[in-house]
Amino acid sequence: MPPLLRRILVLLVSLFAIVTFNFFLFHVIPGDPIRLIARTQKLAPDQVEKLRQSFGLDGSLIEQYFRYLSNLLHGDLGYSFSLKEPVSDVIGRALLNTLILLTVSTIIVVVVGIMIGVFAGSRHGKKADSATVVTSLIFWSLPTFWVGMLLVFTFGVWIGGLPISGITTPNAVYHSGIDYVMDVARHLILPTITLAIVDIAFFIIITRTSLVDVMGEDYMLTARGKGLTRRTMVWKHGFRNALLPVLTASVLYISALVAGAIQVEVVFSWPGMGLLTYNSVLARDYPVLEACFLVTAIVVLAANFGADLVYRRLDPRVAVNT
Amino acid sequence: MTSDQAAQGIDDIEYEKPPSNWTLLWGDRMGRWGIIILVVVTVLAVFGPMIWPFDPAAVGEDSSSIFQPPSSAHWLGTDELGRDVFSQFLMGARISLFVGIMATLIATVIGAGIGVMAGFFRGPVDSAAMGVTDFFLVVPALPLMIALAAIFGQNLLIVIIVIGALAWPRTARIVRSQTLSLRERQFVPRARSLGASNARIIRTNITPHLLALIVANTILVVAGCILAEATLSFIGLGDPNRISWGSMLHFGFVSGAVGRGAWWYFLPPGLGILVVVLGFTLVGQSFERVTNPKMRGGA
Amino acid sequence: MSLLEIRGLTVAYPGKHGDVLAVDGVDFSIGKGEFVGLAGESGCGKTTMAMAIPNLLPRNARITAGSVVFDGADLTTMDEDGLRTVRWNEISVVFQGALNALNPVHTVGSQILEPIRVHDRGTSEAEARSRMEELLEAVGIPAGRAGDFPHQFSGGMRQRVMIAMALACRPQLVIADEPITALDVMTQAQILDLLRSLCDRYGLSMLLISHDLSVLAQTCDRVAVMYAGRIVETGPAGRVFGSDEHHGGARHPYTQRLLRAYPNIRRERVFIEGIPGYPPDLTQPQSGCRFRARCDLAIDKCAEEPTLVDVGGDHRAACWRLDQAVTS
Ligand SMILES: Nc1ncnc2c1ncn2[C@@H]1O[C@H](COP(=O)(O)OP(=O)(O)O)[C@@H](O)[C@H]1O
Ligand SMILES: [Mg+2]
């Protein structure tokens, strides 16, 4: 079987596993979800009816499962009683906002993390290296949400100057598309910094460790023997190889990034999947919570698939052999 | 050198007692700092609440007692209900450490168990175990924790179980690959040829060699579990009847302590988390370095 | 004048009890077009000495004394920029453990092209490519495989690629550090023949390192034997190996034991005699003849430092018992 086809098959199996897992998590484990919700919510009769529909609670478990699958395939994620909207509409907006946040911070994290990681790793054993490692470990030990709180305090209360909440200025009038984009960009600054501060540290540590390993390889001595400049040695020969373990660790990174995004969105009221998750927990809006989990898991799965494809492109040994 | 001297030299090599892991750890600068941090925090967490005179749950008498800045009576001031922040901080250290360590124990038992089984029995057991492991490695942990905590309700035990039940996949992977390589070594076939049972081989030939690896990994997992507890509590999914650093920050956040500039309320718990997580990370990484001969040479 | 003149070279690694002198006051030279072998057990300092020439030592190593004069310039005092122009352009290396000496993520073709582009700036892209293909063909690899990655080649083939790469800039000196150790016997012989014929064809000098003297006997004009950081015997291959009827052969007891310790590369010997004991622990300070603890002929005098003495025809050995060693 061609490798790509195999990867896609594995992806589909994982997707199926996630969907099934989700069914068990929200439909089987809690027993009767309506009772669960009724524990914390006063429900009007019509809401109960909507809930019953959205959970597909009649019939055997098998029937429920297939109805659940068919609903998913039709893009029907149920109805949010706290927002009085179909869940898929709510998710659609939130997902877009989260992807904006994640894309911007991932680019910053990867670029800055690699630069600093390579800087430290190529100076293994020197002061600059150990200082970078210690600093990174400290930043990596920071709770993301707390960093966010500190920035809110600093820029909202103490110094001021940067928006600390939401994605746009409330009641703003935009004269052009650029205005709008600039406003969003300004709102993006603090959430991105918060997310980046912690995750860059992680990226630095992984890149640096990987490069240190690679620098000890025989082919690095060859590169030095060839009379290459340090820069060519480090980037063309060292970094290209060091990148592979970094990509292998992307599972951890993607998971950390999602966790970070949830916290950042809560602290800065960024209207994405994380804030939606948070609000649905507070409102005990299970259909929304369920959809949030499912969609996040699928996005993460896709991201890992992408990282795997990149890995396969970059490592000739895997590309040819499997 | 005479042949006597040569023999002497060999004796030196053979009988020189290797320093214990703890000695090596103490000799490593990062390890030493980590140990110091952890000892100080543990002492604070265990004895602090016994000594400090305020009840962390005692609400202030009137509105003049809320959000009071630090004073000689209340070293870290008071919160939105006039409760003493420093006593909450001490109590929070206890709960944060307790949850982190208990969750890690669960994770280690699951992870090491699955890893050893997969690595030792290989074949279908391995494929099945690694399939499950990879699944949990890919499922985003925090959203799953949130979902589980929201479904099962909020108390300390559930928080511990939820965190522990999701923190094991990396341990399983690491333990599995080490078990695989241990299994290939000479002594397993030999033990088998002497008629040892699987259980016995695992107990006497595999587990002891995994110990250092598991300890290093466990220490690192504690750091992650403490962060996970803090995050869950911050989101409001912690045990509402217990004070942890995460829940302090939750109440600080929702009560508007940040907006009021009540730094004494939201700085200490965050610093506490930072320092403890850093302590475990330093010790764990340093332990890994000093016990892993491959890395000890300073590659 | 020789191409390379090493004088009193001393290289130290930091050790538990002070410096480890992996190379201890070595004099050594290589003439233009000469093929010199360096032998000795593992750990004797061969790699350290060889890597000291283009200053490719590990970071913890220090050259504490001596000079390495190559083509009139002392490389030990040259700065990194100067060394970069010498490396590969003038002195190239086929590294020990060469199976990992090729970068796994670049094609072999691009790895051979790289030094050409770096050092021969004037060369056009097409010229460089055709030189690369020519080199591959010269080492017996079809030029069509230039786009393949190292893992697609066998060990012997990878070593051929390394050799092609080492010749890419037409250096004056090629250092080959145990170039055949990891290979099977058939391949070993082929690689040796290849090295010899290519160096002859291009008129290069070569420093060939092996722990196996018989390998050097087949290929080299001159050999040197190293023990515990010192050269204990050196001379024309014909004299040292005794293939020259009238000139006795190896004179130093260590060389003699070494000769008996390995099977001949092409004619398998029936009986292999190991050398009892181990080379001295260099972390301890050394004095006198380093070999005396393992030497059957050792006397009290051996506690004093022996020097290399000429035993005729540019053949020199450092031993107090040369008189005895001849007959043993
Ligand atoms: N990077 C290093 N650090 C410390 N000691 C080293 C290092 N490389 C080699 N040595 C020591 O130097 C001595 C000579 O090693 P080497 O030059 O590799 O010998 P050979 O090539 O003959 O096997 C050995 O005793 C070895 O332990
Ligand atoms: Mg060597």
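**Stop 1**

Select Glu178(C). It counts as buried, with 7% relative accessibility. Buried means under 20% relative accessible area, exposed means over 50%, and partly exposed lies in between (1.4 Å probe, protein chains only).

Before you go on, know that this is a predicted model, in which local features need pLDDT of at least 70, side-chain atom pairs count only at pLDDT 80 or more, and totals for chains, interfaces and linings use all residues. Residues are numbered from 1 along each chain as its sequence is written, chains are lettered from A and ligands numbered from 1 in the order in which they are written, and side-chain values use heavy atoms, leaving out hydrogens and water.

Now look at the backbone of Glu178(C). Its phi is positive, about 45 degrees, although the residue is not a glycine. Glu178(C) sits in the loop between β7 (173-177) and α6 (185-202) of chain C. Helices (H or I, at least four residues) and strands (E, at least two) are DSSP runs, numbered from the N terminus.

Jump to Lys84(A). Is Lys84(A) buried or exposed? Lys84(A) is exposed, with a relative accessible area of 51%. Phi of Lys84(A) is also positive, near 55 degrees, and Lys84(A) is not a glycine either. Find Lys84(A) in the loop between β1 (79-80) and β2 (85-86) of chain A.

**Stop 2: the whole of chain A**

Chain A has 14 helices and two strands. Its C-alpha trace spans about 80 × 60 × 40 Å along the principal axes. Of the 322 residues in chain A, 51% are buried. Next come the contacts, meaning heavy atoms within 4.5 Å. Among contacts in chain A with a separation of 6 or more, 73% join residues 24 or more positions apart.

**Stop 3: helix α4 of chain A**

Select residues 61-73 of chain A. This is helix α4(A), with 13 residues. At 1.5 Å a residue it should span 18 Å, and its end C-alpha atoms are 18 Å apart, which agrees. The expected span is 1.5 Å times one less than the number of residues.

Which residues of α4(A) are buried? Colour Gln64(A), Tyr65(A), Tyr68(A) and Leu69(A): these are buried. Look down the axis of α4(A): the buried residues fall within an arc of 135 degrees, so they line one face of the helix. The arc is that of the directions from the helix axis to the C-beta atoms. An α-helix has 3.6 residues a turn, so residues three or four places apart point the same way.

Show α1 (3-28) and α13 (286-314) of chain A too. The buried residues of α4(A) pack against these helices. Then turn to the face away from the buried side. The exposed residues Ile62(A), Phe66(A) and Leu73(A) are there. Just after α4(A), Gly75(A) has a positive phi of about 75 degrees.

**Stop 4: a helix pair in chain A**

Select residues 177-215 and 250-268 of chain A. These are helices α8(A) and α11(A), packed at an angle of about 155 degrees with their axes 9 Å apart. Axes are lines fitted to C-alpha atoms, for helices over the stretch in contact, and angles run from 0 to 180 degrees between N-to-C directions. α8(A) and α11(A) are therefore roughly antiparallel to each other. Angles under 35 degrees count as roughly parallel, over 145 as roughly antiparallel, 65 to 115 as roughly perpendicular and the rest as oblique.

α8(A) passes α11(A) in a right-handed crossing. Show the side chains in contact: Leu190(A), Phe202(A) and Phe203(A) are among those from α8(A), and Tyr253(A), Val264(A) and Phe268(A) are among those from α11(A). A crossing is left-handed if the near helix is turned anticlockwise from the far one by less than a right angle, and right-handed if clockwise.

**Stop 5: from chain A to chain B**

Select α7(A), residues 144-158, and α12(B), residues 263-291. They pack at about 150 degrees, with their axes 10 Å apart. α7(A) and α12(B) are therefore roughly antiparallel. Their crossing is left-handed. The contact joins Trp146(A), Met149(A), Leu150(A) and Phe153(A) of α7(A) to Phe266(B), Leu267(B), Gly270(B) and Leu271(B) of α12(B).

**Stop 6: inside chain B**

Select residues 141-152 of chain B, helix α6(B). Ten of its twelve residues are buried, so α6(B) is largely enclosed by the rest of the structure. Leu142(B), Pro143(B) and Met145(B) are among the buried residues. After α6(B) comes Gly153(B), with a positive phi near 95 degrees.

Finish with α4(B), residues 85-121, and α7(B), residues 156-166. Their axes come within 8 Å and cross at roughly 45 degrees. α4(B) and α7(B) are therefore oblique to each other.
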